[in-house]
Amino acid sequence: NALLEIRVTERTRDLAHEVQARRQTEAELRAAQDGLIHSEKMAALGRMSAAIVHEISQPLAAMEATLAAAEIALPKGQEKTQNRLNTARGLVRRMQRTTKHLKSFSRKEQGELSLVNIAHTVENAIELTAPRAKTAGITPAFTPPDPPIFIRAGAIRMEQVLVNLLLNALDAVEGRPAPAISVTAQNDDKTTTLTVTDTGAGIDPGDLPRVTEPFFSTKITGEGLGLGLSISQAIVQEFGGQIDIASTIGQGTKVTITLPTPITEIQGAA
């Protein structure tokens, strides 16, 4: 009986290990399936982006030129018509920004990655988003790191990522009491992190895992197509990094870009 009990105990322990191993395997399989589905979505998005840009870029440019000419030729005293033209031009420019976003995604940046000064990239992104920030009545806070921090990336595409994150933060803090946005950068021997933090409304925990999926958007106004974060994630992954998002409802959101520290940076620090 004692020997039987020992064998039963051992077998029960083995079965518990087998169950745990199977659960782990199933979890890894589901994660792999989700990854494949996401990769296929991004591949389909790239193909679709090229087609969309090809079909509508020229018509949009023609519409913008026509509306601009009509606005110039409009007689004085036609305020209502003027407002309608301004609204139409604004919508056209919004569509052009979307197609530009898609174009930059469908065409990979030419040339090899180079050392990029994070401070220059952040400052350029802040300058590009200045009109939107002025409308929101806020200036993103950023103190350039000293000594400078470099990453190995494509300067234009990294700037595009930061512009998208800043625009998202500006949307989040609009209408909030004491709105604030800050950008910080730091590094060590292995990783370099760049964070964009806002005091906006935050993201619902149920939506947080999906915010980087193509065409997923939490904006109830219909502004945007939900492509910004998915494209930004794809760009950062091309640089060997990752975007992580942490958010608390009513308190704000923190987006962290993590990239490998270039070897030249480590050598320079040494």
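Is Arg157 buried or exposed? Select Arg157 and take a look: its relative accessible area is 4%, so Arg157 is buried. Keep in mind as you click around that this is a predicted model.

Glu238 sits in helix 6 (residues 228–238) and Arg157 in helix 5, so the pair ties together parts that are 81 residues apart in sequence.

Next stop: Arg89 and Glu71. Their closest N and O atoms are 2.8 Å apart, in another salt bridge. Arg89 belongs to helix 2 (residues 79–106) and Glu71 to helix 1 (residues 2–73), so this pair links parts 18 residues apart in sequence.

Select Ile118, Thr121, Ile151, Met158, Leu162, Thr192, Thr193, Leu194, Ile257 and Leu259: they line the largest cavity, which holds about 60 Å³ of space. Seven of the lining residues are nonpolar, three are polar and none is charged. Colour strand 5 (191–198), which gives the most to this lining, with three residues.

Last, colour by pLDDT. Strand 5 has the highest mean among the elements of the chain, 93, while helix 7 (residues 263–269) has the lowest, 53. Then select residues 220–226, where the pLDDT is below 50; beyond near neighbours in sequence, this stretch has twelve contacts in the model.

Note on methods: Residues are numbered from 1 along each chain as its sequence is written. This is a predicted model: local features need pLDDT of at least 70, side-chain atom pairs count only at pLDDT 80 or more; totals for chains, interfaces and linings use all residues. Side-chain values use heavy atoms; hydrogens and water are left out. On a 1 Å grid over the protein atoms alone, a cavity is a set of points where a 1.4 Å probe fits but cannot get out, and a pocket is an open set with protein on both sides within 12 Å along at least five of seven lines; lining residues have an atom within 4 Å of a point. Grid points are joined across faces, edges and corners, and a volume is the space filled by probe spheres set on the points. Helices (H or I, at least four residues) and strands (E, at least two) are DSSP runs, numbered from the N terminus. Ala, Val, Leu, Ile, Met, Phe, Trp, Tyr, Cys and Pro count as nonpolar, Asp, Glu, Lys and Arg as charged, and the others, Gly among them, as polar. pLDDT is the predictor's confidence in each residue, from 0 to 100. Contact means heavy atoms within 4.5 Å. A salt bridge is a side-chain nitrogen of Lys or Arg within 4 Å of a carboxyl oxygen of Asp or Glu. Buried means under 20% relative accessible area, exposed over 50%, partly exposed in between (1.4 Å probe, protein chains only).
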